[in-house]
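This report describes selected local features of one protein model. Please consult the sequence and the structure alongside the text.

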Amino acid sequence: MPFIKIPQLLGRFYGSFCGGGLIIGTLFFAASLTPSLLPRSEALQGVLSGASFAAGYGIGVGLRALWYFLGFRNFLNPRAEKLVSLAAIVVCAAIALAFLWQASHWQNSIRVLMGLDTVDTIRPFFVGAISCAVAIALLLIGRLFKLTFGYLSRVIDRIAPKRVSNLLAVIFAALLFWSLGSGVFLEAGLRLLDGSYKQYDALVSDEEDKPTDPLKSGSTQSVLRWEDLGRAGREAISSAPTRAEIANFTGRDAKEPIRVYVGLNSADDIETRARLTLEEMIRVGAFERSVVVIATPTGTGWLDPASHMPLEYLHHGDTATVSVQYSYLASWLALMVEPDYGAETSKAVFRVVYDHWLQMPENDRPKLYLHGLSLGAMNSDLSYDLFDIVGQPFDGALWAGPPFTSRTWRQATAGRNEGSPAWMPRFRDGSVIRFTGQDNYLDEAEAPWGPMRVVFLQYASDPITFFEPNSLFRAPAWMRNPRGPDVSPSLRWFPVVTFLQLSLDMAIATSTPMGHGHVYAPEHYVDAWVAVTQPEGWSPQDLQRLKNMLASTLKD
């Protein structure tokens with residue numbers, strides 16, 4: 001009878017799995033339902049939970065393999081081992097169901113802090129289905145790895161002892177899978193993404209008419225062709241506030257803000273693009289303005305209007321912002337494909353601008369600042385050598401959402417004063433470096449500002465800044481109390497799982513409402529720019545009015 005064989009088939013199916021792997025995988029699945037830095041949709045939760053289960057299962061299989069490799073054997077007989085495993089799985093399943101029941105509450109603990117509507121349920125059956133699909137796909141890849149390992153082990157058995165052949169088989173199988181993953185599938189994916197981003201960068205919107213103002217990059221009089229600026233560059237030039245708009249708001253005379261943008265296609269190499277930058281700056285009179293900002297864009301070449309508009313209003317248009325595109329890829333992709341290109345571009349641009357600025361009479365020089373968001377912040381930080389500029393330093397820098405690998409950010413955070421939280425450090429006496437976020441912490445330093453002012457604008461919920469590779473095996477420092485204003489009090493650290501959660505958070509870092517995650521709000525830029533550039537004639541009431549106007553304009 002066919003039905004008689006069903007229990008046997010189920011037994012064989014169950015027996016093909018590692019009991020320890022199922023237990024650890026189930027616990028990882030449950031832990032993945034707890035909150036991290038950002039809220040997740042049901043689909044993303046399913047992907048994360050499936051990957052977490054597979055990771056836990058893989059750890060269980062690895063531990064069992066190590067146990068057998070060391071020559072140990074089970075202390076229980078097969079029947080007792082099965083009973084213990086079944087009991088453990090029942091307990092773990094109950095834990096997973098209990099965690100699923102709480103998952104919507106945990107997601108709401110983040111959503112409330114970010115001003116989002118709460119959810120009634122995360123649709124546990126939907127999450128479970130996606131988790132199963134992802135886990136099965138990853139486990140099938142694991143089974144394929146096991147088959148590859150078995151074949152290689154049998155081949156090597158002919159010439160080496162069993163333990164040596166097993167070790168070599170693991171190494172060779174891992175190298176083979178890594179080569180296939182990075183050399184074939186990853187490369188094909190990167191080529192596809194590269195082509196897509198390149199086409200997007202070349203698109204010219206109907207709304208982006210070629211400028212007629214001779215002071216605009218890409219105009220007929222410019223040394224730069226409008227078509228070569230890239231989509232992000234054309235948007236930056238087109239979106240600058242006009243002299244009339246600034247004057248109407250401030251009630252004072254204003255100038256037309258200068259924005260110089262050199263596209264990736266403006267020249268074939270970095271040095272030529274840097275020389276074009278200086279030539280264009282001189283042509284439009286950038287060094288005759290009171291404030292010059294070298295703004296390093298993100299990987300796509302994008303400049304955040306929430307940052308640049310506040311600066312231009314604060315200084316009544318008497319500003320010049322210069323940017324040079326180094327990529328058209330998303331920041332995370334640019335970091336993978338061309339990790340050094342952004343830093344090399346930033347260094348070349350800084351050198352030509354700084355050298356020209358240095359040759360000017362000291363009393364006639366504009367204030368010189370550095371700026372960048374995200375990958376732009378990291379590359380901007382790498383653009384200069386402190387020993388080259390310490391005698392005559394530039395005036396300051398504003399770096400927003402610095403990636404966790406950023407040089408100065410890491411040093412200042414690691415060397416923070418005792419008692420200050422990792423998500424909002426205080427560094428020494430605050431005369432050079434200060435941190436701020438949604439709340440303005442810039443006036444809490446022990447000492448007054450020195451000649452060079454550096455401000456880091458960061459949100460405690462920004463995974464680009466607070467991703468921690470070591471979260472794989474230890475809790476990040478920013479999890480300690482007190483926590484940031486938009487970090488869930490229910491967030492807990494779990495080995496491996498927290499690493500996966502933060503990795504997913506990085507991928508969706510810009511999906512949050514403005515003022516959280518990796519989406520920086522203009523009103524917070526206002527406070528930072530005031531501290532760095534010291535604009536004159538702004539009362540607290542005027543600054544609040546500017547914040548309200550920018551928030552209304554840029555959030556629409």
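## Basis of the model

The model is predicted; local features need pLDDT of at least 70, side-chain atom pairs count only at pLDDT 80 or more, and totals for chains, interfaces and linings use all residues. Residues are numbered from 1 along each chain as its sequence is written, and side-chain values use heavy atoms, with hydrogens and water left out.

Helices (H or I, at least four residues) and strands (E, at least two) are DSSP runs, numbered from the N terminus.

## Salt bridges

The structure holds 13 salt bridges, each defined as a side-chain nitrogen of Lys or Arg within 4 Å of a carboxyl oxygen of Asp or Glu. One of them joins Asp395 and Lys367 (3.7 Å, N to O). Asp395 lies in the loop between α14 (386-389) and β5 (396-400) and Lys367 in strand β4 (residues 367-373), so this pair ties together parts that are 28 residues apart in sequence. Asp395 is buried, at 14% relative accessible area, whereas Lys367 is partly exposed at 41%.

Another salt bridge joins Asp381 and Arg407 (3.4 Å, N to O). Because Asp381 belongs to helix α13 (residues 375-381) and Arg407 to helix α15 (residues 407-414), the pair ties together parts that are 26 residues apart in sequence. Asp381 is buried, with a relative accessible area of 2%; Arg407 is partly exposed, at 31%. Arg225, Glu227 and Asp228 are linked in a network of salt bridges.

## Asp486

Asp486 is placed in the loop between α16 (463-466) and α17 (497-507). Asp486 is buried yet has no salt bridge, and the nearest side chain of opposite charge, Arg483, is 11 Å away (Lys and Arg count as positive, Asp and Glu as negative; His and the chain ends are not counted).

The side chain of Asp486 does make a polar contact with the side chain of Ser461 (2.6 Å). A polar contact is a pair of N or O atoms within 3.5 Å; within protein, one must be able to donate a hydrogen and the other to accept it, and residues adjacent in sequence count only if both atoms are side-chain atoms.

Definitions and conventions. Buried means under 20% relative accessible area, exposed over 50%, partly exposed in between (1.4 Å probe, protein chains only).
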